[in-house]
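Have a go at each task before reading its solution.

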Amino acid sequence: MKKLLFVFIIFLNCTTFCFAQKVDRNKFIKDSLDFYINRALTNWRIPGAAVCIVKDNKIVWMKAYGIKELGQADKVDINTLFMIGSNTKAFTATSLAILQTQNKLSLDDKVTKYLPKFKLDDAPAGQMATIKDLLCHRLGFQTFQGDFTFYNTNLTRDQIITKLGQEKAAYPFRTKWGYTNAAFLTAGQIIPVVTGKPWEDFVRENIFAPLGMINTLALSADMPKSLDRTVPHTLIDGRLSPIPFCQIDALAPAGAISSSVNDMSKWVLALLNDGKVGARQVIPLAAIKATREPQDIVGSVSHLNGEEGYELYGLGWFLQDYAGHHLVMHDGGVNGYLSSVTLVPQEHLGIIILTNTDQNDLFEALRWEIMDAYFKMPFRNYSEAYLEKFKAGTAVEEANDKKLKDTVALNHPTALPLTAYIGKYVNPLYGNLTITQGEGNDLEMRFEHHTHMFAHLQALGGNRFYVTFSDPTLGKAVFPFYVQNGTVTGVKVKVANFVEYNPYEFRKVQ
């Protein structure tokens with residue numbers, strides 16, 4: 001659902017492979033792509049990946065690389081499952097667009113027509129919000145706002161929708177685009193009201209089965225049970241390590257699907273063939289067109305080749321212009337996985353990239369390399385350009401983290417006795433957290449809705465603590481405590497931007 005939603009501005013002088021000056025762009029895919037990918041996987045430390053290119057209604061490249069899990073010998077094949085994160089959103093939007101073609105709903109219908117209890121903090125906005133508003137991220141929230149509360153927690157779908165209604169939007173309704181995962185959940189919950197079937201059953205029966213996506217899973221709970229699946233990985237103190245699967249079925253319509261490159265090729269082939277598989281119309285063309293109609297302005301975008309363009313959002317798809325071509329695209333990221341799906345409809349070109357680590361930008365770089373080859377543009381070695389920037393950012397993070405660890409080692413005293421920070425805290429959106437005594441001068445923080453996770457707090461001196469989460473996806477942070485008249489009154493909690501940009505203010509209640 002996360003990670004590089006936008007194409008970031010990068011102006012770098014790209015290095016090239018030793019053969020780069022000799023590359024014939026007409027032959028890059030056939031002669032050089034395999035070498036390029038294998039080298040990139042090594043440089044990025046990606047355990048496993050799968051890549052597919054479809055062109056003119058044919059698969060011209062489909063290959064799996066690497067292993068399913070570090071330390072294990074099992075190799076990835078074209079049917080091996082990866083979590084695809086927010087690439088799930090196009091399935092949800094297409095499902096609702098299909099129902100529109102069946103006259104079972106209109107995408108312009110108000111949400112309250114199907115979910116009468118749906119509310120937003122801005123009451124008139126809640127009454128006016130339509131299904132399209134949910135599917136194009138224009139409710140007024142900031143990108144990822146509320147996701148620490150909603151993502152990988154024990155909340156139910158209904159509880160998330162209720163809490164979404166309690167959250168104060170950052171902007172007025174429909175005035176600014178902001179990526180809102182809980183809005184896609186809300187849209188998905190309209191499907192059972194209309195059809196009598198939960199979201200997961202509808203996508204299985206109306207998209208997966210007709211397209212022959214026989215290995216694809218709708219729910220994250222099923223991923224660990226699969227016999228042919230990858231394992232998620234992330235960096236922990238500089239080492240790439242396997243991590244637990246996230247459990248995000250409460251947000252399933254926003255990001256829970258797991259699929260293989262073989263199955264995803266069937267999805268992309270159908271989308272580029274006006275919804276047809278052979279002569280059979282599987283997805284109504286009107287539904288596909290509805291998802292690609294621009295709804296909201298995301299902003300401008302600067303490409304690595306120096307081009308400036310636009311970025312819009314349809315329904316479950318980002319829309320861009322690049323080198324005179326219209327792109328329909330999305331990225332996906334959940335714990336330990338990153339993926340990208342790109343369509344160039346006028347060229348009948350589709351690109352699928354799946355990886356089983358959330359610490360890489362190859363899923364982003366590779367699609368530009370492939371497109372440039374098809375568009376007869378110069379070779380730029382995007383992987384190396386992205387990697388240079390990635391390493392620079394990682395070095396800064398590691399240096400900052402070292403400073404914090406060194407400060408902890410100095411044993412600076414806290415402003416108050418350690419017992420003053422222990423107790424129960426509450427945030428009106430999230431709920432409760434509790435702080436207890438850990439080992440030595442450390443504290444331990446546990447969260448009401450993250451039942452399998454805790455945070456380890458080490459004193460930095462004064463009222464500041466260095467924090468590491470047991471779930472590495474949530475990152476590392478510094479939590480400042482608030483004190484008035486010698487009494488702790490609250491704490492500011494911040495998780496990694498991968499999950500949410502906004503901090504949470506918790507008030508001490510006991």
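**Exercise 1: Two helices**

Find the residues of helix 13 that meet helix 14.

Solution. In helix 13, Leu362, Glu364, Ala365, Trp368, Glu369 and Asp372 touch Tyr382, Ser383 and Tyr386 of helix 14 (contact means heavy atoms within 4.5 Å). By class, this contact has five nonpolar, one polar and three charged residues; Ala, Val, Leu, Ile, Met, Phe, Trp, Tyr, Cys and Pro count as nonpolar, Asp, Glu, Lys and Arg as charged, and the others, Gly among them, as polar.

A note on the source: this is a predicted model, where local features need pLDDT of at least 70, side-chain atom pairs count only at pLDDT 80 or more, and totals for chains, interfaces and linings use all residues. Residues are numbered from 1 along each chain as its sequence is written, and side-chain values use heavy atoms, leaving out hydrogens and water.

**Exercise 2: Direction**

How do helix 13 and helix 14 run relative to each other?

Solution. Start with the angle: helix 13 (residues 362-374) and helix 14 (residues 382-409) pack at about 155°, their axes 8 Å apart (axes are lines fitted to C-alpha atoms, for helices over the stretch in contact, and angles run from 0 to 180 degrees between N-to-C directions). The two helices are therefore roughly antiparallel, a term for angles over 145 degrees.

**Exercise 3: The sheet**

Work out the strand order of the open sheet.

Solution. Eight strands line up as 2-1-14-13-12-11-10-9, with antiparallel pairing (two strands pair if DSSP finds at least two bridges between them). Strand 2 (58-66) and strand 9 (296-302) each have a single partner strand, so one side of each lacks a neighbour in the sheet. From one strand to the next, the twist averages 15°.

Conventions: Helices (H or I, at least four residues) and strands (E, at least two) are DSSP runs, numbered from the N terminus. Angles under 35 degrees count as roughly parallel, over 145 as roughly antiparallel, 65 to 115 as roughly perpendicular and the rest as oblique.
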